[in-house]
Amino acid sequence: MTASRSSDPAAHERLYRSLRSRIMLGELDPGIALTLRGLAADYHMSMTPAREAVRRLVAEGALTLSTSGRVSTPELSDERIEELAALRALIEPELAARALPRAHFALIDRLAQMNARIADAVERHDAVGYIRCNLEFHRMLYLRAQAPAMLAMLETIWLQLGPTMRALYGRVKRNEPPRHHRMILAALRAGDEPALRLAVRADVTHGLRHLTST
């Protein structure tokens, strides 16, 4: 790729989306240092799109920038984890409740299939696959809420938690998919909004207890 083409907006967008996905899915551990030169080399482009992609990810909280200019994936304190989890506990039950009137049986079947894929990832000890399928389970439901601003805010929270979730997976001995997903599916089938809100909130707070216990 030539220098002129590597500095175009398409190159920047490609790097941004790829790196954003890797961070959200926990492919990078907390505290991993990144360099513009290294990113440019990895993605076969110039420093300009790498710099712009990093700037956007720092603004979203997906990367941290120290006073010395060091760029790294976030290492979250317990207090920060609790803050982000509290936001999830506020936003996600609301999104689920808004999605409920549009949660037709075909959608519920797809959610159940996704939950089976989570079980497969657990059996394979596939941390990234587990995180990917878990996020997709939630996103698939929340898209039915037709609340794009709330979902965008939530994805920023997921993004900041990505590396920490990967570290958590290595500490927690999982042998089954999240049990609260079964409660979510049951509430959806019953059309029970209070039960759905409780199940989603329980799913988030259960994860919080693991994240803040070391």
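Q: How many cavities of 30 Å³ or more does a search of the whole structure find, and what makes a space a cavity?
A: In this predicted model, the search finds two cavities of 30 Å³ or more; a space is called a cavity because a 1.4 Å probe fits there but cannot get out. The second largest cavity holds about 100 Å³ of space.

Q: Which residues line the second largest cavity, and what makes a residue part of a lining?
A: A residue belongs to the lining because it has an atom within 4 Å of a point of the cavity, and for the second largest cavity the lining residues are M24, R88, Y130, I131, N134, L135, W158, L161, G162 and M165. The elements that give two or more residues to this lining are helix 7 and helix 8 (148-171).

Q: How many residues in the lining of the second largest cavity are nonpolar, polar and charged?
A: By class, the lining of the second largest cavity has seven nonpolar, two polar and one charged residues. Gly counts as polar and Arg as charged by definition, and G162 and R88 are both among the lining residues.

Q: Why is N134 called buried?
A: The relative accessible area of N134 is 12%, and buried means under 20%, so N134 is buried. N134 lies in helix 7, which spans residues 127-142.

Q: With which residues is N134 in contact, leaving aside its neighbours within four places in sequence, and what makes this a contact?
A: Those residues are I118, P178 and H181; each counts as a contact because heavy atoms lie within 4.5 Å.

Note on methods. Residues are numbered from 1 along each chain as its sequence is written. This is a predicted model: local features need pLDDT of at least 70, side-chain atom pairs count only at pLDDT 80 or more; totals for chains, interfaces and linings use all residues. Side-chain values use heavy atoms; hydrogens and water are left out. Helices (H or I, at least four residues) and strands (E, at least two) are DSSP runs, numbered from the N terminus. Buried means under 20% relative accessible area, exposed over 50%, partly exposed in between (1.4 Å probe, protein chains only). On a 1 Å grid over the protein atoms alone, a cavity is a set of points where a 1.4 Å probe fits but cannot get out, and a pocket is an open set with protein on both sides within 12 Å along at least five of seven lines; lining residues have an atom within 4 Å of a point. Grid points are joined across faces, edges and corners, and a volume is the space filled by probe spheres set on the points.
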